[in-house]
Amino acid sequence: MPTWSNLNLQNSASPLMEQIIFFHDHTLIILIMITILVGYLMFILFFNKFINRFLLEGQMIELIWTIIPAITLIFIALPSLRLLYLLDELNNPLITLKSIGHQWYWSYEYSDFNNIEFDSYMIQYNKNTPENFRLLDVDNRIILPMNNQIRIMVTATDVIHSWTIPSLGVKVDANPGRLNQTSFFINRPGIFFGQCSEICGANHSFMPIVIESISIKNFINWINNYS
């Protein structure tokens, strides 16, 4: 989860988020190179005294400064397209979770099991229970098994919401009357926090998402005890 004054991306908990971080670093290096080059050229331009009174055209330099940015954009576009297709891939999910956005809470249904559905509300922070995070913890967490492909189907009942877990690289809009889906793979145990990232009204900031990732054995025990 993000901590105070942390400027970096959150630690990845899924292969897709790892790829997103790699792409971010790749693009940032290209942007830094462009910024240094343009800054150097502007500095030289401002402080030199060279004058060419007979310069009328420079087709070669215009060709160069058109082709080089095009090649640079290709180096950004190809990894970006690859990542877009990876994010959209659905690969034999073990479990389907349905998430329904409301003003201002989430409700969840485990479609593969009988009678497992619940609402998830933000809980009030209490300084006597420091294990609960302010504005981020809920009364009913999503329990999911790690090292398994999970499909999530997202919709809403009233306005547009957005189901977002940064450490898993998941962001799905919840639109009334539509059913969007994506998948993710949690590769380690832990508790992962997210929030609605689409402005949906007065209490938009107060509908957090919490996933608790556990082993498949513990998940089966949870299913049996819940039923």
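**Loops, helices and domains**

Mentor: Start with leucine 179, which is found in the loop between strand S7 (170–174) and strand S8 (180–185). Keep in mind that this is a predicted model.

Trainee: Which residues is leucine 179 in contact with, leaving aside its neighbours within four places in sequence?
Mentor: Contact here means heavy atoms within 4.5 Å. With those sequence neighbours set aside, the partners of leucine 179 are Lys98, Met153, Val154 and Thr155.

Trainee: How far apart in space are leucine 179 and isoleucine 100, C-alpha to C-alpha?
Mentor: Take the sequence first: leucine 179 and isoleucine 100 are 79 residues apart. In space, their C-alpha to C-alpha distance is 9.6 Å.

Trainee: Is the peptide bond from glutamine 103 to tryptophan 104 cis or trans?
Mentor: Tryptophan 104 sits in the loop between strand S1 (95–102) and strand S2 (105–110). Omega for the bond from glutamine 103 is near 0°. The bond is cis.

Trainee: What is phi of leucine 135?
Mentor: Leucine 135 lies in the loop between strand S3 (117–120) and strand S4 (142–145). Its phi is positive, in a residue other than glycine. The value is near 65°.

Trainee: Is helix H1 roughly parallel or antiparallel to helix H2?
Mentor: H1 (residues 15–47) and H2 (residues 59–87) pack with their axes 11 Å apart, at an angle of about 170°. Angles over 145 degrees count as roughly antiparallel. That makes H1, relative to H2, roughly antiparallel.

Trainee: How many nonpolar residues are in the contact of H1 with H2?
Mentor: H1 brings residues including Phe23, Ile30 and Ile34, and these meet a set in H2 that includes Phe75, Ile76 and Leu83. By class, the contact also has five polar residues and one charged. The nonpolar count is 11.

Trainee: What area is buried between domain 1 and domain 2?
Mentor: The chain is divided into domain 1 (15–88) and domain 2 (95–225). Their contact takes six residues from domain 1 and eight residues from domain 2. Carbon and sulfur atoms give 51% of the buried area. That area is about 460 Å².

Trainee: How far apart do the C-alpha centres of the two domains lie?
Mentor: Here the points compared are the C-alpha centres of domain 1 and domain 2. They lie apart by 39 Å.

Notes
Residues numbered from 1 in each chain as written. Predicted model: local features only at pLDDT ≥ 70, side-chain atom pairs only at ≥ 80, totals over all residues. Heavy atoms only, no water. Axes fitted to C-alpha atoms, helices over the stretch in contact; angles between N-to-C directions. Helix = DSSP H or I, 4+ residues; strand = E, 2+ residues; numbered from the N terminus. Parallel < 35°, antiparallel > 145°, perpendicular 65-115°, else oblique. Nonpolar A, V, L, I, M, F, W, Y, C, P; charged D, E, K, R; others polar. Domains from an automatic or database assignment. Buried area = accessible area lost by both parts, 1.4 Å probe.
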